[in-house]
Amino acid sequence: MADIKKIDGKLVISSEVFEDIALKAASNCYGVVGISGPAGVTLLSLILPKIFQHKGVIVTQNDDGLVIDVYVILEYGTNVSVVCKNLSDNVRYQVGKFCDIKIDSVNVHVKGMRRSR
């Protein structure tokens, strides 16, 4: 469960908060028709609505800030490089805006292509 706590006068934000924000930002990008887990495209990721899919976002932290990996399925026929650039920029902006934290990188992993329904 995502939560934000205050411990010893410091604000502590769980990684699930960053994952939730990044997932929402990625899901709302043009050309994204699904979110996939890092293992690949699964039957569930193809048939379930986005809200019920496994989170396809992994957030880690290094010395330079957050590293966000997003695993997506794109609309067949879209320009992959443009969609990935827009998705990366949107995730970086949304997570940075809500959490005021430095983002080192946003890595977009395209796990498949399909026609939207």
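Accessible areas here come from the Shrake-Rupley method with a 1.4 Å probe, and for residues only the protein chains shown count as cover. On that basis the protein chain has an accessible surface of about 7,100 Å², with 56% of it belonging to carbon and sulfur atoms.

Quick housekeeping. This is a predicted model, where local features need pLDDT of at least 70 and side-chain atom pairs count only at pLDDT 80 or more, while totals for chains, interfaces and linings use all residues. Residues are numbered from 1 along each chain as its sequence is written, and side-chain values use heavy atoms, with hydrogens and water left out.

Okay, the fold. We've got three helices and six strands, taking helices (H or I, at least four residues) and strands (E, at least two) as DSSP runs numbered from the N terminus. Along the sequence that reads β-β-α-β-α-β-β-α-β.

Of the 117 residues, 41% count as buried, meaning under 20% relative accessible area; exposed is over 50%, and partly exposed is in between. As for contacts (heavy atoms within 4.5 Å), 64% of those with a separation of 6 or more join residues 24 or more positions apart.

Now two residues. Gln94 sits in helix α3, residues 80-99. Why does Gln94 count as buried? Because its relative accessibility is 19%. Leaving aside residues up to four places away in sequence, Gln94 touches Ile21 and Ala25.

Then there's Met113, over in strand β6, residues 103-114. Met113 is partly exposed, because its relative accessible area is 35%.

Methods:
Buried < 20%, exposed > 50% of the residue type's maximum accessible area, 1.4 Å probe, protein only.
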